[in-house]
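Subject: Structure handover and notes

Hello,

Here is the structure we spoke about, with my notes below it. Please read them with the model open.

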Amino acid sequence: MMVRTLDDADVRGRRVLVRVDLNVPMENGRVSDATRIERILPTIQEIAGEGGRVVLLAHFGRPKGKRTVEDTLRPVGEELARHLGQPVAFAEDCVGEPAAHAVAALKDGEVLLLENTRFHAEEEKNDPDFAKQLAALGDLYVNDAFSAAHRAHASTEGVARLLPAYAGRTMEAELAALSKGLEAPEHPVVAIVGGAKVSTKIDLLENLVGRVDALVIGGGMANTFLNAIDIGIGRSLCEKSLAPTAQRILERARETGCAIILPVDGVVANEFKAGAPHHTYGVDAIPSNGMILDIGSQSVDRVKAAIDDAKTVVWNGPLGAFEIAPFDQGTVAAARHAAARTKAGKLVSVAGGGDTVAALNHAGVAQDFTYVSTAGGAFLEWLEGKSLPGVEALKTRG
Ligand code: AMP
């Protein structure tokens, strides 16, 4: 791998600035889902275990450069301490006297959390002076927040240019999984892309048709493609103005030799509602007053066959309106099939972005995929083929 990792770092007795993702959901002042906290434990424990002094940097919410009561990281630090099983000191500010004082008080193996970096407008501007103030608090920098790596902010990019910089264990695992998914995958690679709209995924589709062997298009966005090739889709969700875009993507796929797998049938209802009366129709016979809310069983068979042919599957987006039964069935069947192939050692499966994690959890198979990224925006930008500033900064430091 191109980035430096903790294997290359000597942390004993040194102040290690660790950028983490602590942007956890809260309810009534308490952390309601600790997944992100759990994911950063290995890096913190490894550094502290080797006698490093851990100084955690993180953002929380969108305070837009102002100090707010709601966006303090203090309660998150308390939850982190419970998970770590050791105290986590807290500094009221991520720079200046409070931070310097708290860092100076740290002993080997201890952990300190600095207050929300986004309380300073300079964070999101990647202000060089602010990055310098952060860098002054550490001897080394470790980034374990892949989910924030698509942003060139002071705590993700600026500071990484000022200190010896390394990927944390969670970042390392994410990068290794993504590399297996798209950068250096075993072919054939099949991408499965669903979700509501083409408009949010144009860059992603264009990147994928140039890289994968087959592209399955499902969900609401498939309607835009069907409409673009003159198939009637009734009142289904569709971005009619994007017909030229869809045609361009299909044309590009012909050029690159990427097979496009569109639905051949759809589960149609008259209203977007759980349990709405429904029938399955071939795409040549969609009723003019109906809405396609899921792929039909013949389409599911085609998706399963594509998965059977693949050595690698990259997945983003549900194949239907998975939140409302029974229109979750196409997504669930395809997800379970990919999970079973993965479990059987026949497939590398990498998924993430938007509602994908929720859809795989709904299907009960997220744990059976090779890797499920919870990174959202960063995962999508990676699927779009963009370089991520936070990752780039880890590559170029000598
Ligand atoms: P995205 O965030 O772009 O991945 O889109 C996810 C959303 O797409 C989910 O809320 C699904 O309910 C919705 N969706 C998927 N398929 C359809 C469909 N055929 N008709 C309407 N909405 C859909």
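Helices here are DSSP runs of H or I with at least four residues, numbered from the N terminus. That numbering is used for α1, the helix that gives the most to the lining of the largest cavity, with three residues. Please keep in mind that this is a predicted model.

Cavities

The count comes to three cavities of 30 Å³ or more. The largest cavity has a volume of about 130 Å³. Its lining consists of D21, R36, R39, I40, D144, A145, F146, S147, T170, E174, T374 and A375. By type, the lining of the largest cavity divides into four nonpolar, three polar and five charged residues.

The second largest cavity has a volume of about 50 Å³. Among the residues that line it are V216, I217, G218, I295, R302 and L319. Both β10 (214-217) and α11 (297-309) supply at least two residues of this lining, and α11 gives the most, with three. The lining of the second largest cavity has eight nonpolar residues, two polar and one charged.

The largest pocket has a volume of about 520 Å³. It is lined by 35 residues, and those closest to its centre are G195, A196, G219, G220 and L237. At least two lining residues come from each of α9 (219-228), β12 and β14. The lining of the largest pocket comprises 16 nonpolar, 13 polar and six charged residues.

Which residues are closest to the ligand? Of the 15 that surround it, they are A196, G220, I292, G320 and E323. For three of these residues, the following atom distances are worth checking on screen:

- A196: a polar backbone atom is 3.0 Å from an oxygen atom of the ligand.
- G320: a backbone N or O atom is 3.5 Å from a nitrogen atom of the ligand.
- E323: an N or O atom in the side chain is 2.4 Å from an oxygen atom of the ligand.

Strands

Strand β14 (residues 291-295) is largely enclosed by the rest of the structure, because five of its five residues are buried. Strand β12 (residues 265-269) runs antiparallel to β14, and four bridges join the two.

Is strand β15 (residues 312-316) largely enclosed or largely open, and why? Five of its five residues are buried, so β15 is largely enclosed by the rest of the structure. In a regular strand the side chains alternate between the two faces of the sheet. In β15 both faces are covered, with T312, V314 and N316 buried on one side and V313 and W315 buried on the other.

β15 has parallel pairings with two strands. Five bridges join strand β9 (residues 189-193) to β15 in parallel, and the partner of A191 in β15 is V314. Strand β16 (residues 348-352) is also parallel to β15 and is joined to it by four bridges. Here W315 stands opposite A351.

A buried glutamate

E157 lies in helix α6 (residues 154-158). The relative accessibility of E157 is 14%, so this residue counts as buried, the cut-off being under 20%. The side chain of E157 makes a polar contact of 3.0 Å with that of N126.

Backbone points

Two peptide bonds are cis. The one joining H187 and P188 has omega of about 0°, and P188 sits in the loop between α7 and β9. The one from A325 to P326 has omega near 5°, and P326 is in the loop between β15 and α12 (329-343).

Positive phi angles occur at N28 and D230, neither of which is a glycine. For N28, phi is about 50°; this residue is in the loop between β2 (26-27) and β3 (30-31) and is exposed, with a relative accessible area of 81%. For D230, phi is about 65°; D230 lies in the loop between α9 and α10 (243-256) and counts as exposed at 73% relative accessibility.

Regards

Technical notes
Residues numbered from 1 in each chain as written. Predicted model: local features only at pLDDT ≥ 70, side-chain atom pairs only at ≥ 80, totals over all residues. Heavy atoms only, no water. Buried < 20%, exposed > 50% of the residue type's maximum accessible area, 1.4 Å probe, protein only. Pairing = 2+ DSSP bridges. 1 Å grid on protein atoms, 1.4 Å probe; cavity = no way out; pocket = protein on both sides within 12 Å on 5 of 7 lines; lining within 4 Å. Points joined across faces, edges and corners; volume = space filled by probe spheres on them. Nonpolar A, V, L, I, M, F, W, Y, C, P; charged D, E, K, R; others polar. Near = heavy atom within 4 Å. Polar contact = N/O pair within 3.5 Å; in protein donor to acceptor, adjacent residues only side chain to side chain.
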